[in-house]
Amino acid sequence: MSASLQFQNLRIEGSSRAGDASWFRIHPPGLAFDVGRGSLALAGANEIFLTHGHLDHALGLPFVLSLKEKQGVESTRVFCPAGIEEGLRRLILAAESLEQASYHYDLVGLESGDQVSVGRDLSVEAFATDHVVPSLGYHLVRDRRRLKEPFWDRPASELAELRGNGVEVEYVTQELWVTYCGDTGTGVFELEPRLFDSTVLLLECTFFGEASRSKGQQFKHLHLSDLADRAHHFRNQDLVLHHASWRYEAAEIRSAVEQELMGLAPRVHCLMD
């Protein structure tokens, strides 16, 4: 089962519960952030970015590669933290041995700050997160082309002629369009403060309520109070919470968000399926 959220020309599809499975497809460009335990919805993703090696986020990788092999996909690019690259390669090799098959893929280990082009005017940038195993988060970065001020009042025909003559009439700015942190503790807010400015922020929130307040720090996951403490920092247009523990029902989660995040709550979406 998965849910879908629409933000103007951006669509996010996915499923996320702590200890079960977390995966997301981002359209455009159709890439995947994590793969959970595998989903048919991931078969169309030509680029897969894994945040860490915990099985509820990474176990489905051989399954997805196997699906794509059956569909005749030439190759899939898989990116992951450099520290788990060899472990993932052994996992894939074991699956290939069991199936007596060969998957077509490129597996690339990334470090914080690395960037990967994923389409025209789109790239993914890795950043450091705060988890108990090697981990990365990812920004989907969009290049925005804007007309330079001296050309604001020029007609389209003149602009076309200027471009044809090699005149640079535009400049490019980079926008953090989507940010996905994977599993992380509160250290991510100091490691990557730019996440507060991303247009759409996918942020795990595993624990709710006073009884579980200490568990986030213990397991390097976020508690709703961690967000409440920083509510004034979130400049994002939309904030998508995911990865809740199964102990919480959807209505309970929404009620807690309304009570604790208050002014931020209208911008918060809870993807907990």
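This is a predicted model: local features need pLDDT of at least 70, side-chain atom pairs count only at pLDDT 80 or more; totals for chains, interfaces and linings use all residues.
**Salt bridges**

The structure holds 14 salt bridges. Three of them are listed here with the distance between nitrogen and oxygen.

| Arginine | Glutamate | N to O distance |
|---|---|---|
| Arginine 77 | Glutamate 47 | 3.3 Å |
| Arginine 89 | Glutamate 85 | 2.8 Å |
| Arginine 194 | Glutamate 192 | 2.8 Å |

The bridge between arginine 77 and glutamate 47 links distant parts of the chain, 30 residues apart: arginine 77 belongs to strand β6 (residues 76-81) and glutamate 47 to strand β5 (residues 47-49). Arginine 77 is partly exposed at 29% relative accessibility, whereas glutamate 47 is buried at 13%.

Arginine 89 and glutamate 85 sit 4 residues apart in helix α3 (residues 85-99), about one turn of the helix. Arginine 89 is partly exposed, with 25% relative accessibility. A network of salt bridges links Glu85, Glu86 and Arg89.

In the remaining tabulated pair, arginine 194 is partly exposed at 34%, and glutamate 192 is buried at 9%.

**Cysteines**

The count of disulfides is 0. The closest cysteine sulfur to that of cysteine 80 belongs to cysteine 181 and lies 18 Å away, too far for a bond. Cysteine 181 is in no disulfide either, its nearest cysteine sulfur being that of cysteine 205, 12 Å away. Cysteine 80 is buried at 0% relative accessibility, and cysteine 181 is buried at 0%.

**Largest pocket**

By class, the lining has 5 nonpolar, 4 polar and 4 charged residues.

Note on methods: Residues are numbered from 1 along each chain as its sequence is written. Side-chain values use heavy atoms; hydrogens and water are left out. A disulfide is a pair of cysteine sulfur atoms within 2.5 Å. Buried means under 20% relative accessible area, exposed over 50%, partly exposed in between (1.4 Å probe, protein chains only). Ala, Val, Leu, Ile, Met, Phe, Trp, Tyr, Cys and Pro count as nonpolar, Asp, Glu, Lys and Arg as charged, and the others, Gly among them, as polar. A salt bridge is a side-chain nitrogen of Lys or Arg within 4 Å of a carboxyl oxygen of Asp or Glu. Helices (H or I, at least four residues) and strands (E, at least two) are DSSP runs, numbered from the N terminus.
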